[in-house]
Every structure is written in C-alpha cells, then in structure tokens.
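Here is a short briefing on a protein chain. Please look through the sequence and the model before reading on.

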Amino acid sequence: MEAERLVGVSRRALAQSRGTPDIIAEAWQAQALAQAIGSRLAADGPKELRGEARGLSEIGGRSSGSLDHPAARAGVARAAQLSGLAEPRATLTGLGMLLGEVGMALVGVACETDEQGLYWQCMEAIDAADESLDRVHGMLRRLDEQERERQQDLERGRERDGPYGAVRGPAGSAGGPVVTAQHFDGDRWR
C-alpha cells in the first residue's frame, strides 16, 4: 500500500480507538510506520532527506518495542504493507499529523492510568513520538528550503532572460541565420 494511504489508514484507526489497549496498539503501529517510512526515504528518498530519514527509522525501531502490546509481540505491523512512497512531502505531512495525534492519545492514557508500568511505557512512547515528529519537521523544512532555492533559481533565470525572452547576444549567436536590415528600393526589398 502506498505510504500516504497507509498513514491515512493509521490516522482513522487511531481516531476509532476505544480504550487503552486500542490506543496502545495504534501508537505501536504509528511508530512501526514511522520506522518503515524512514527506512524507505533513507534508501530511495531525496538525498537531502536521507540523514534525517535514517534517524526517523532508528527512533521508530527503538520506540515500537517500548509499548507492550500483543501486536508488538507478534510483530504484526500495518507498516509491512508499505509498497511505495510517491510523494515525500504529503507522506511526511500526514505522518507528522499521525505522530502528533498519537502523542495526544498517549497523554490521555497516561493521565488516566493508575498502573506505574503503563504510565512509564506511555511516557517513553510520547518521547519517541515527539522525537519522530521533530525528524519529520526537519525533513519538511529541508524540502521547503529546496523548493525556495529552486524558485530563486527560476527567478534568476527569468531576470537574465529579460522581459521579451532569452537574450542571446549578437545576432546569430543562438545558431540561427544573421538577419540584416533591409529597405524598400521602389520595386523590391534590398
């Protein structure tokens, strides 16, 4: 399944979670997905994102093991369905929203629980979601910088071209025939 679609599936599943076990399961799924997306971007993504993407993959790998959930023990991750990543910006934007939503849901679980073990698992998972979110924001900033540089290069190119198109120097320098001024001499052009 394409990454952007998989993020959407995860966001819907988190929104439909009822109770602590479902939220814990979706938090684990989100970190596994962050790891998979980070790995994919590190291997095949834009060069300027690869360092941050490796970091995202490492964080996702470390943190998905911190939540004690049957899906985690069984290794049944929705992220295993990841087949491609067509649009890095849209995928990262969606993943950022998912990680923020996971963090908020885990805060709710941590505030409601009386169980110390679960509380500390939630705290570790919240930290991991925040750290993953920082990596995602870093990659989005890099994409924005790259886009700004591309726009500036285009604008500089237009300024060189002039208001009526490309300026190519003396007549004929663009490889075309040299055209000289002509005048009408009564019965023909000369």
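This is a predicted model: local features need pLDDT of at least 70, side-chain atom pairs count only at pLDDT 80 or more; totals for chains, interfaces and linings use all residues.

Residues are numbered from 1 along each chain as its sequence is written, and side-chain values use heavy atoms, with hydrogens and water left out.

**Overall fold**

- The protein chain has 6 helices and 0 strands. Helices (H or I, at least four residues) and strands (E, at least two) are DSSP runs, numbered from the N terminus.
- Along the sequence the pattern reads α-α-α-α-α-α.
- Of the 190 residues, 38% count as buried. Buried means under 20% relative accessible area, exposed means over 50%, and partly exposed lies in between (1.4 Å probe, protein chains only).
- Among contacts with a separation of 6 or more, 77% join residues 24 or more positions apart. Contact means heavy atoms within 4.5 Å.

**H2 against H5**

- Helix H2 spans residues 20–44 and helix H5 spans residues 88–112. Their axes come within 10 Å and cross at roughly 150°. Axes are lines fitted to C-alpha atoms, for helices over the stretch in contact, and angles run from 0 to 180 degrees between N-to-C directions.
- H2 and H5 are therefore roughly antiparallel. Angles under 35 degrees count as roughly parallel, over 145 as roughly antiparallel, 65 to 115 as roughly perpendicular and the rest as oblique.
- The H2–H5 crossing is left-handed. That term applies if the near helix is turned anticlockwise from the far one by less than a right angle; clockwise is right-handed.
- On the H2 side the contact includes Ile23, Ala27, Ala30, Ala34 and Leu41. On the H5 side it includes Pro88, Leu92, Leu99, Leu106 and Val109.
- By class, this contact has 17 nonpolar, 3 polar and 1 charged residues. Ala, Val, Leu, Ile, Met, Phe, Trp, Tyr, Cys and Pro count as nonpolar, Asp, Glu, Lys and Arg as charged, and the others, Gly among them, as polar.

**H1 against H5**

- The axes of H1 and H5 come within 9 Å and cross at roughly 20°. That makes H1 roughly parallel to H5.
- H1 passes H5 in a left-handed crossing.
- Ala3, Glu4, Val7, Ser10, Arg11 and Leu14 of H1 meet residues of H5 including Ala90, Gly94, Met97 and Glu101. The class count is 9 nonpolar, 3 polar and 3 charged residues.

**H1 against H2**

- H1 and H2 have axes that come within 10 Å and cross at roughly 165°. They are therefore roughly antiparallel.
- The crossing of H1 and H2 is left-handed.
- From H1, Ala3, Leu6, Val7, Ser10, Ala13 and Leu14 meet Glu26, Leu33 and Ile37 of H2. This contact has 7 nonpolar, 1 polar and 1 charged residues.

**Nonpolar core**

- The largest nonpolar core has 38 residues, of which Ile37, Leu92, Leu95, Leu98 and Leu106 touch the most other members. A nonpolar core is a set of buried Ala, Val, Leu, Ile, Met, Phe, Trp, Tyr and Cys residues joined through side-chain atoms within 4.5 Å.
- H1 (3–15), H2, H3 (50–64), H5 and H6 (116–161) each supply at least two residues of this core. H2 gives the most, with 10 residues.
- Beyond four places in sequence, Ile37 touches Ala3, Val7, Leu82, Leu85, Thr91 and Leu95.

**Single residues**

- Glu26 lies in H2. Glu26 is buried, at 11% relative accessible area. Apart from neighbours within four places in sequence, Glu26 is in contact with Ser10, Ala13, Leu14, Ser17, Arg78 and Val102.
- Glu26 and Leu98 are 72 residues apart in sequence and 9.9 Å apart in space, C-alpha to C-alpha.
- Ser39 is also a residue of H2. Ser39 is partly exposed, with a relative accessible area of 35%. Leaving out neighbours within four places, Ser39 is in contact with Ala53 and Ser57.
- Ser39 and Ser57 are 18 residues apart in sequence and 5.3 Å apart in space, C-alpha to C-alpha.
- Ser132 sits in H6. Ser132 counts as buried, at 0% relative accessibility. Outside four places in sequence, Ser132 is in contact with Gln31, Leu56, Ile59 and Leu99.
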